Amino acid sequence: MALRHAVLAALLDGEYSGYQLAKVFDVGVANFWHALPQQLYAELAKLEKDGLVAGRQVVQETRPNKRLFHVTDAGMAELEQFAAASAKPGFIRDDLVVKVQASDHIGSGPVIDQLDERAAAASAKVELFGNLLRQLRGEMDEDEFLLRGERIGPYLTCLRGLAFEEENRDWCLRIAALLRRRQAVATKSDGA
């Protein structure tokens, strides 16, 4: 997947300025695709040049003018072609996992601290996703929303983000506790 497809998918919900798109990415899209604001602005320019999005100038009296972008018919065709192509399997590429792999030889103290930090960050994201899911479904319960909700795509990707962060949190907590127990056993063995 290229950033262009993530941007096109994010623009399906309406017209956004580059700033608004960065906010949408930060809340909804970041759980499956990370991009810095400057990358988004550059991608919007490429998409407009390629005719996949169109922008219009909005004049504002009290603030600088802004450009709003929306997906064109060519952009929809690009997304349809992307959706029809086989998806490549995902993979883990995480520097913390490499540190855990090496912890037997490098000492586990700093790794434990980083696992604790990652678990805390994942817990915060779990809460954020839970709030976002409640906001997306409104007054409906989840089953009703999934059957009758207007747009479930963002909800489904948010569910994936929630599951990822829950698993990430749980793994970090488990591994940090295990490494702490190993340290305690090693300390007792050294002192005996």
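Me: Is Asp95 buried or exposed?
Reply: This is a predicted model in which local features need pLDDT of at least 70 and side-chain atom pairs count only at pLDDT 80 or more, whereas totals for chains, interfaces and linings use all residues. Residues are numbered from 1 along each chain as its sequence is written, and side-chain values use heavy atoms, with hydrogens and water left out. Buried means under 20% relative accessible area, exposed over 50% and partly exposed in between (1.4 Å probe, protein chains only). Asp95 has a relative accessible area of 51%, so the residue counts as exposed.

Me: With which residue does Asp95 form a salt bridge?
Reply: A salt bridge needs a side-chain nitrogen of Lys or Arg within 4 Å of a carboxyl oxygen of Asp or Glu. The closest N and O atoms of the pair are 4.0 Å apart. Asp95 lies in helix H5 and its partner in helix H6, so the bridge ties together parts that are 23 residues apart in sequence. That partner, partly exposed with a relative accessible area of 24%, is Arg118.

Me: How are H5 and H6 oriented to each other?
Reply: Helices here are DSSP runs of H or I with at least four residues, strands are runs of E with at least two, and both are numbered from the N terminus. H5 (residues 95-106) and H6 (residues 109-137) pack at an angle of about 155°, with their axes 10 Å apart. Angles over 145 degrees count as roughly antiparallel, under 35 as roughly parallel, 65 to 115 as roughly perpendicular and the rest as oblique, and the two helices are therefore roughly antiparallel.

Me: In which helix does the salt-bridge partner of Asp116 lie?
Reply: The side chains of Asp116 and Arg180 meet in a salt bridge, at 2.3 Å from N to O. Asp116 counts as partly exposed at 28% relative accessibility, and Arg180 is likewise partly exposed, with a relative accessible area of 37%. The pair links distant parts of the chain, 64 residues apart, with Asp116 in H6 and Arg180 in helix H8.

Me: How many residues apart are Arg56 and Glu15?
Reply: Their side chains meet in a salt bridge of 2.8 Å, N to O. Arg56 sits in strand S1 (residues 53-58), while Glu15 belongs to the loop between helix H1 (3-10) and helix H2 (18-29). Arg56 is partly exposed at 41% relative accessibility, and Glu15 is partly exposed at 30%.

How values were computed: Axes fitted to C-alpha atoms, helices over the stretch in contact; angles between N-to-C directions.
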